[in-house]
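Biologist: I'd like to learn how to read a ligand site in a model. Could you take me through one?

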Amino acid sequence: MAKVGIVMGSDSDLPVMSKAAEILEQFGVDYEMTIISAHRMPDVFYDYASSAEEKGYKVIIAGAGMAAHLPGMCAAIFPMPVIGIPMHTKSLGGVDSLYSIVQMPSGIPVATVAINGGANAGILAVKMLAMSDPDLLAKLKEYIAGMKAAVMKKADKLDELGYKGYMEQM
Ligand code: RP5
């Protein structure tokens, strides 16, 4: 049973939304991904959001651009966490999407990541699920340790280039 629903307003959002899907795959989290426009097909949208709980979703990741109502409307209907991804836009650079998603009225929060923040949305969903899944939490700790090791390696490269490093003093 899919634990995460990934939904986006258009296929133009796919390059960003696929980053969230890649993270979930990396962590072995089942998900379903689809395209539903809240504005262009409100009836289909309503069916999707109102059936999400019985489908087994614990989190919805919703991405949209411009007047981006999809994540907020998911949060209005789905009782569990919704993570919103504001899409970059040509006209206003994505601040239109960001403000539409982050400025939710009191009582209906959307956990909003950065403009085009697909990977972080995936990681945040994993963190939410890890609260009640010790195996997933262990994988998350490995992932965090891996990030640290990758940065240490970059710092070592500076040392190799002859710059006086900070790490070597530790
Ligand atoms: C939103 O409008 C979508 O989420 C997309 O980011 C934006 C533009 O959609 P298209 O014109 O590319 O279909 O609904």
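Modeller: Let's start with the chain and then turn to the ligand. This is a predicted model, in which local features need pLDDT of at least 70 and side-chain atom pairs count only at pLDDT 80 or more, while totals for chains, interfaces and linings use all residues. Residues are numbered from 1 along each chain as its sequence is written, and side-chain values use heavy atoms, with hydrogens and water left out.

Biologist: How many helices and strands does the chain have?

Modeller: Helices (H or I, at least four residues) and strands (E, at least two) are DSSP runs, numbered from the N terminus. Here there are six helices and five strands, in the order β-α-β-α-β-α-β-α-β-α-α.

Biologist: Which residues surround the ligand?

Modeller: A residue counts as near a molecule if one of its heavy atoms lies within 4 Å of it. Around this ligand are Gly9, Ser10, Ser12, Asp13, Arg40, Ala64, Gly65, Met66 and Met87. An N or O atom in the side chain of serine 10 is 2.7 Å from a ligand oxygen, and for aspartate 13 a distance of 2.6 Å is found.

Biologist: Where is aspartate 13, and is it buried or exposed?

Modeller: Buried means under 20% relative accessible area, exposed over 50%, partly exposed in between (1.4 Å probe, protein chains only). Aspartate 13 sits in the loop between β1 (4–8) and α1 (14–26), and is buried. A salt bridge needs a side-chain nitrogen of Lys or Arg within 4 Å of a carboxyl oxygen of Asp or Glu. Aspartate 13 has none: arginine 40, the nearest side chain of opposite charge, is 8.0 Å away.

Notes
Lys, Arg positive; Asp, Glu negative; His and termini not counted. Polar contact = N/O pair within 3.5 Å; in protein donor to acceptor, adjacent residues only side chain to side chain.
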